[in-house]
Amino acid sequence: MKPNLPLISNTKCECGHQNPVGTVLCEACGKPLDEKEWKATGNLEMRYDGVARRSQRVSPGIIDRVWNFFSSVKIAIYLIVLTLLGAMLGTIFPQESTFLNIDASTYYNEMYGTAGNIYYRLGLSHTYESWWFVTLLVMIGASLVVCSLDRVLPLYKALTRQKIRKHRQFLTRQKLTLTAAVEEEPESWTSRMIQPLRKKGYRVRTEGGALLAEKYRFSRWGPYVIHIGLIIFLLAVLARGLPGLNMDQHLAFPQGEAVRIPDTSFYLKNEQFTVEFYSDEEMPAEFRGVKVLPKLYETKAVLYECTADCLDPSKEPKLAEVARHDIQVNSPLSYKGMKAYQFDYDLTPVLRSVKPDLVNSATGESYGKFELDMKNPGRVFKAGPYTLELKEKYMDFGLNEEGQPVSKSPYPNAPAFLFLLKGPGLPDGGQQYFYFPKQVDKEQFQQAAINDKLGGADRFLELEVSSMSDVDFAESTTYLNVRVDRAMPFVWVGAGIIMLGLILGFYWQHRRIWLFVEDGELVLGGHTNKNWFGFRREIVSILKQIDMTVDEKSLDNGGGLA
């Protein structure tokens, strides 16, 4: 609940202290500045000790209005609620980043129907990387910073400039207060209180017949330490979107190949992949004869770093081995912050290269073989008097909605190559030729009538594979989850600072006792931010040490503690 803030121009207190506009309680003596508060009898609003905040300016400018927007706790709550709702939307269907080798434009529609298609079209399939979600996080961070500065600076000012002698009304309107008659001199009475207070851990200051005792002030900074931790946490989370600080990719590594890890200078080679399965005796009865379950799968991996010709596609990169590890589930290869986890496997052989023979389909004459690599094919090939220019390649051949050839994935599941043949007996401009090394998509090929479009039925040259020795397969493929998260240490630092702030705020309470003795009367006021019952018992025990017996309930100003 916000206090009634005085929006007046004259903030001079009767004690002579000039207070900034928006001050609730005089910074010097603590007397309420609002005329309505003078006549009130309830407990004082002690938030920030009544000190003015920047967000309480009478005539705010544009910058002040922006400041006021982000300093509002209500706005911060709205932002947090919106962010939580956005995060919930991201969990309705799996995010794109959790899948391996999918076409998101068709996957959500095929798997979840109309709802999935709408989900994808709205961009919710990559919620946590979307501009609006990142914007909400940035706004929460800005709100944390502004809220903290708007409150911590006035609080620091109030706590470091505390006056010992306070106005009588300030003391009598605290939640814990006591008035009693005393016969001793003011200085003598307050001096007797010093030792009992110090034994309880209070830092004591006196001024004549007035006294201020305080302990555990540091606990007041607990919420702001939490804010600092949250800000560091948010910055670390946002930094994960910057290039080089975070990577989380699922990559395929055919056996025997060194595959480049995208956006890095590293190559990883799957030297050998092995998988062991549970025997029928080891499997539960309900799975016997129905399922084959893997017991262990392992990738003997070697990590290389490129030292030369890394970005030149026309040259083989020069690699230097930097790490070697047998990757198993929960036992990743780790090197300089990059980790490769075992994720999945595929025992289907993968085509790596083929050596087709260019032959005359009418006479059977062979014009020669050439090597066609699936991953990095050349651009021009020679076979006798004929030249083959590679125009297009499709690693996973398919047709889109318009009937045009496309590649459904970057892996050679169903490769296809479009060549332009030039040489004797062919048109001057050459003849187009579509070649399927595995010939698994001929039906789809014929349905699209691509054969007629790209060369006609009168062509006499064919690419053939004469023996299996001309085909090179990778026996299996291992799928690894490669992660780099250089922002994660800062996430943990932020989480640690948050925990520190929670400990500061929960296990200690800022306690203050003001009192003065004047004209034979003792006036005492006590304030803490929590655990009022414990604070009340402590005051009674301190007074008891100077032979002053007080009933606990007599300290309660307002009819009960909450």
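**View 1. Lysine 31 and its partner glutamate 14.** Lysine 31 counts as buried, at 12% relative accessibility; here buried means under 20% relative accessible area, exposed over 50% and partly exposed in between, with a 1.4 Å probe and protein chains only. Lysine 31 makes a salt bridge to glutamate 14, with 2.5 Å between the closest N and O atoms. The term salt bridge stands for a side-chain nitrogen of Lys or Arg within 4 Å of a carboxyl oxygen of Asp or Glu. Lysine 31 and glutamate 14 both lie in the segment before helix H1 (35–38), so the pair ties together parts that are 17 residues apart in sequence. Glutamate 14, at 60% relative accessibility, counts as exposed. Please keep in mind that this is a predicted model, in which local features need pLDDT of at least 70, side-chain atom pairs count only at pLDDT 80 or more, and totals for chains, interfaces and linings use all residues. Residues are numbered from 1 along each chain as its sequence is written, and side-chain values use heavy atoms, with hydrogens and water left out.

**View 2. Further salt bridges.** The structure holds 21 salt bridges. Side chains of opposite charge can pair when their charged atoms come close. One of these pairs joins glutamate 298 to lysine 300 at 3.6 Å, N to O; glutamate 298 is buried at 13% relative accessible area, while lysine 300 is partly exposed at 30%. Lysine 391 meets glutamate 389 at 3.5 Å, N to O, and lysine 391 is partly exposed, with 41% relative accessibility. Arg53, Asp150 and Arg151 are linked in a salt-bridge network.

**View 3. Lysine 157 in helix H5.** Helix H5 covers residues 131–160 and includes lysine 157; helices (H or I, at least four residues) and strands (E, at least two) are DSSP runs, numbered from the N terminus. Lysine 157 is partly exposed, at 25% relative accessibility. Setting aside neighbours within four places in sequence, lysine 157 touches Pro20 and Glu27, where contact means heavy atoms within 4.5 Å. Aspartate 49 lies 108 residues from lysine 157 in sequence, yet their C-alpha atoms are 9.7 Å apart in space.

View 4. Asparagine 360 has leucine 461 as its bridge partner in S21.

**View 5. A nonpolar surface patch around phenylalanine 506.** Tyr216, Phe218, Met499, Leu502, Ile503, Phe506, Tyr507 and Trp508 form this patch, with about 790 Å² of accessible area together. Patches are built from residues with over 30% relative accessible area and no salt bridge, joining like charges within 9 Å and nonpolar side chains (Val, Leu, Ile, Met, Phe, Trp, Tyr) within 5 Å. Accessible areas come from the Shrake-Rupley method with a 1.4 Å probe, and for residues only the protein chains shown count as cover. Phenylalanine 506 sits in helix H11 (residues 488–507) and is exposed, at 58% relative accessible area.

Key:
Pairing = 2+ DSSP bridges.
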